[in-house]
Amino acid sequence: MNAAEILLSAGADAAIAIECGERRVSYAELRDRVRRAAGAWQALGLAPGERVVVFAPDSDDWVEAYLGAIWAGGVVIGVNPRLSMTELTPILKECEARFVWCEPAQAGELQGLVATLPGAPAVVGGGVAARDWAQALAGAEGLEPMQLDAEAPALWIGTSGTTGTPKGVIHVQRVVANAHSFACSLAGLTSADRLYASSKLFFAYALGNSLFAGLRAGATVILDREWPTAERVEEMVAKHRPTLLFSVPTLYNKMLQTGVAARLAERGIRHFVSAGEALPLAIRQGWREQTGCSLISGYGTSETLCLMLYSDDDSGLMRPTPLTEVRFNPDVDADLPQRIWVRHTTVAVGYWKRPEAQVDFDNGWFSPGDMFLRHADGRLEYAGRNDDMLKIAGQWVSTLWVEQALAAHCGDTLQQIAAVGVDSADGLTALAVLVVAAPGRWAEARQRVEDGIAALPGHRRPRWVHWVDALPLTPTGKLQRGRLRALHERHAAAAA
């Protein structure tokens, strides 16, 4: 089995596999390019199981190098191209990369970095010091895909780092076999579709649910080198006419606030999918009002690659996606929030050199660090991460519930809001919220927050409200919850 071969097996030769800017690559062309890329990797000295870091903006060249490394038997890792050299260094050290693939403009700086690292991975991209990828491709012969065991590593994905140090998640060759199950069953994906994800390919959400699902179904995948904004999404939709769009709640909210959402209504997009973080009810309702379309909200992780749970109504309660199995801890009362276990062919086998974290994996099952409440009809209510569930005044409180209640009350007067559990002077657990007001709306936002807090049950009312300029985010745009407590402490000390 070879994951890259499986991904490229469905598309008709003349059908367009990738669109990026003005470039359109057919399935026949992509298969040929990936074969030759595999030959180039082999000629450069890549051995089976060795790691290749792909450090560049999204493009058809990115896909060629990425799939080519898998085709040749390597293990590939997509990394955020916006990382600084300081941020990239520990990633390269930890994964023990053999090669770093980049674009020529990045090669010089990368060459200087890798020269200081143990094992000195080779930079492949261009320039005087780096190995020239174009030259390697020009002299390469196409290879047949290396056949490996279904459980042999194919790719890694870095966790988002929302609660601490990112981990390398190991996915194996079988990961792509059913990567399209969610999109086919719940969004009606066929080979005639055109998929566009605003998130970038180093992020599991876009990699699994757009690129892998699209290629697996023989559809067209639309890529963009530019970083996403509401206006950029509108430009991409106008130019490339996607039929399925994948984005995140923060960006959907920006599209609502800027009027982009209403203008997308007539663009022929059949389904809008949201994931990456919890989808607030206000955004779901606003999207339906402005576009006439409902958002499908999904839940997945770097460890699951694809979406495992979904919700398509205002309740926000989630069901398993097709082929996903869910199990519960029988020792936990059904009325209490608990971690769940999920199983699907896209679930990873574990982490790289994190033996203490392997307890989250069990014979094909994975237990995310998030908490869920089970409802009588079997649906699940997302309650945040394990450390976001607090016992206050003898009752369970999720910081997520508080955030969503206040966000719904405050509407468009807020840009961001986050709640965090902290220790109060009396030794009890209490809540603090950190809030970013919309530009020019501070006074109105403050009154709305005060009114919203007053409307909450007593045990859910925050004791502190801090108004800040911005909240800490990961490179994928997700809230860095691990930094919220320190941010609260700094603001509380300044106000004392």
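Helices (H or I, at least four residues) and strands (E, at least two) are taken here as DSSP runs, numbered from the N terminus. With that in hand, Gln480 falls in the loop that runs between strand 27 (464–467) and helix 15 (484–495).

This is a predicted model, where local features need pLDDT of at least 70, side-chain atom pairs count only at pLDDT 80 or more, and totals for chains, interfaces and linings use all residues. Residues are numbered from 1 along each chain as its sequence is written, and side-chain values use heavy atoms, with hydrogens and water left out.

Now the rings. Searching the whole structure turns up 16 aromatic pairs (rings of Phe, Tyr and Trp, the last by its six-membered ring, with centres within 6.5 Å; planes under 30 degrees apart are stacked, over 60 edge-to-face, the rest tilted). Two of them look like this:

| Pair | Centre to centre | Plane angle | Class |
|---|---|---|---|
| Phe203 and Tyr205 | 6.2 Å | 80° | edge-to-face |
| Phe361 and Phe366 | 4.9 Å | 35° | tilted |

Phe203 is buried at 10% and Tyr205 at 5%; Phe361 and Phe366 are both buried too. Elsewhere, ring pairs tie Trp41, Phe99, Trp101 and Trp133 into a cluster.

Technical notes. Buried < 20%, exposed > 50% of the residue type's maximum accessible area, 1.4 Å probe, protein only.
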